[in-house]
Amino acid sequence: MMFTFDGRPVPSDGQQTIAAALLAGGIRSWRRTRLGGRPRGVFCGIGVCFDCLVRVNGVPAQRACLVPARPGDVVESHDEPQVRA
Amino acid sequence: MTGYDVVVIGAGPAGLAAAVTAADAGCRVAVLDSGPRPGGQYWRHRCDADGRGHRDWATFVDLRDRLGRVERISDAAVWFIGSRPDSPRFTVHAGSRVVAARRLVIATGAHDRVVPFPGWDLPGVVTAGAAQALVKGQGVCFARRVVVAGTGPFLLPVATTLADAGSTVAGVYEANDPFRYARHVRPVLGAPDKLPEAGRYAWRMLRHRVPYHRRTAVVAAHGTDELTGVTVAALDPRGAVVPGSESEVACDGLAVGFGFVPQVELAVALGCATRLDRDGSLVLATGPDLATSVPGVYAAGEVTGVGGAALSLVEGQLAAGAAAVSLGHAAPWSARRRGRLLRAHHRLRRFAAALHAVHPVPAWWLDRCDDDTLVCRCEEVPAGVVRRAMRELSVCDARGVKLTTRVGMGWCQGRVCGYAAACLTAHEAGRRPTVADLTGYASRPLAQPVTLADLAAADLTD
Ligand SMILES: Cc1cc2nc3c(=O)[nH]c(=O)nc-3n(C[C@H](O)[C@H](O)[C@H](O)COP(=O)(O)OP(=O)(O)OC[C@H]3O[C@@H](n4cnc5c(N)ncnc54)[C@H](O)[C@@H]3O)c2cc1C
Ligand code: FES
């Protein structure tokens with residue numbers, strides 16, 4: 001069972017959230033912050049911190065730690081335009 | 001809109017116990033939870049879970065089996081509760097769904113408390129709860145070589161769960177000194193199952209060869225794009241770093257937790273009175289029957305003060321029993337059983353108080369939090385900006401800091417940084433954090449993200 005993250009295929013066991021599948025696939029950061037461009041991935045794991053945001057099938061600002069990974073999903077990093085380098 | 005006698009929000013130990021008790025008393029009950037499965041944080045599990053790696057699983061299975069007459073609504077994150085003086089008093093909004101209730105039991109639990117330190121926003125640093133939730137709920141270890149740090153007994157299940165699941169645990173760093181439990185003999189003996197439990201963890205740590213360090217903290221995390229190591233340091237009895245005691249530990253994962261922050265925003269929005277608990281958390285003020293200050297609203301579990309799953313189970317029963325009686329139902333128990341519950345409640349609360357006394361948030365982070373250390377991860381506000389606002393703009397409380405610096409105004413709405421921002425503000429002002437400081441970060445008009453379509457469609461005039 002596969003979805004894609006920024007174009008590359010990532011396997012999931014069919015139950016996992018996007019965050020869990022990315023971690024299992026060795027991807028630990030998948031977003032850059034708006035101001036400092038800092039890398040971010042999972043922090044709280046339960047939908048509280050919003051560090052793990054991704055775009056799922058075009059819908060922005062989805063919490064990867066809550067959204068299940070479905071076969072064929074197109075997941076993209078949630079980089080916002082950098083306003084300060 | 002469907003109406004119920006009792007609506008329980010949260011399906012963790014407290015909420016499940018409440019739902020089952022209210023149903024046993026003859027109430028029409030619904031329990032809503034934002035997650036896909038009941039169990040809360042304690043019994044977070046995969047859908048084919050058999051209870052391996054879980055404590056008290058039989059209790060969970062029993063509660064789940066008794067949910068028969070309870071309407072269970074999952075994937076339902078409650079974002080607003082309307083209230084009005086007549087009946088049904090409350091309208092509970094979750095996504096586009098609305099349910100009406102004559103009584104509410106708020107059992108929304110808690111999330112990890114962390115404090116800022118250099119490098120705490122590097123990928124590879126997660127909360128202790130996240131590490132646990134990823135193994136229990138997702139079957140994934142978040143890193144290969146892990147350091148577990150912070151304070152409190154929760155560090156032990158986290159370390160052993162990770163070790164059981166295949167991570168190498170490079171060490172557990174407990175900021176306080178567990179030998180201080182010796183000063184709290186009565187509360188510890190009053191909770192007799194806690195000692196063997198501690199023994200079981202010690203045995204599992206030994207078996208996995210996990211080194212345990214007391215009065216030691218991770219004071220910085222290092223790496224450019226990901227975590228590569230941490231600095232650990234010894235702490236003096238007051239929680240300050242012993243100069244020159246720093247050393248480096250290589251790791252690709254750090255799980256860090258300093259206790260928990262109760263999720264009280266729904267209750268705060270309803271006007272429920274709050275108080276500061278012994279661990280510095282803002283919690284709901286309740287009477288002996290777990291009634292809040294707002295008529296018809298009861299609270300149970302971590303929202304009334306962090307104290308663990310056993311206490312949450314007792315509180316859920318007491319709260320739901322009181323709610324049922326207030327609706328004219330007969331109490332779901334004999335006087336003897338109620339007496340037993342009240343005594344258990346007292347004992348477990350006393351144990352929780354001892355726990356908070358032994359495991360305070362240590363003071364080192366306030367000294368180590370340099371001007372460049374992020375306080376608010378979402379809005380990327382460093383400590384220096386908070387300090388400057390206080391010095392140059394004469395801001396003196398947490399609300400002022402929030403408005404002038406944007407701390408707590410980003411995605412998480414202060415859930416992660418609220419406690420630390422309130423402490424930093426109070427520290428700079430030369431005082432202790434107050435209820436008002438913490439309430440500044442717990443007041444959220446909407447408790448959960450909601451789509452504009454749901455918001456536009458909702459009737460919030462109640
Ligand atoms: C991430 C995490 C992991 C933890 N893991 C463990 C562990 O493994 N072992 C242990 O002993 N303790 C653990 N704890 C401590 C745990 O909080 C308590 O032991 C116990 O679960 C508390 O029970 P509760 O019923 O009060 O709350 P919880 O178990 O936290 O249950 C609260 C429930 O309410 C739901 N909820 C919250 N807000 C809303 C809302 N607005 N709308 C709908 N539903 C909502 C949540 O999804 C959750 O299911 C963990 C805590 C955290 C934060
Ligand atoms: S990791 Fe915190 S919201 Fe997903």
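The questions and answers below take up the ligand site and then one residue.

Reply: This is a predicted model, in which local features need pLDDT of at least 70, side-chain atom pairs count only at pLDDT 80 or more, and totals for chains, interfaces and linings use all residues. Residues are numbered from 1 along each chain as its sequence is written, chains are lettered from A and ligands numbered from 1 in the order in which they are written, and side-chain values use heavy atoms, with hydrogens and water left out.

Me: Residues from which chains surround ligand 1?

Reply: The shell comprises 35 residues, each with a heavy atom within 4 Å of the ligand. Among the closest are A14(B) and K136(B). The site is shared between chains, because the residues around ligand 1 come from chains A and B.

Me: How far is an oxygen atom of ligand 1 from an N or O atom in the side chain of D33(B)?

Reply: Polar contacts to a ligand are pairs of N or O atoms within 3.5 Å. Backbone N or O atoms of Q41(B) and of E302(B) each lie 2.9 Å from a ligand oxygen. For the side chain of D33(B), the distance to an oxygen atom of ligand 1 is 2.6 Å.

Me: Is I106(B) buried or exposed?

Reply: I106(B) is found in strand 6 of chain B, residues 97–106, strands being DSSP E runs of at least two residues. Its relative accessible area is 1%, and buried means under 20% with a 1.4 Å probe and protein chains only. I106(B) is therefore buried.

How values were computed: Polar contact = N/O pair within 3.5 Å; in protein donor to acceptor, adjacent residues only side chain to side chain. Helix = DSSP H or I, 4+ residues; strand = E, 2+ residues; numbered from the N terminus. Buried < 20%, exposed > 50% of the residue type's maximum accessible area, 1.4 Å probe, protein only.
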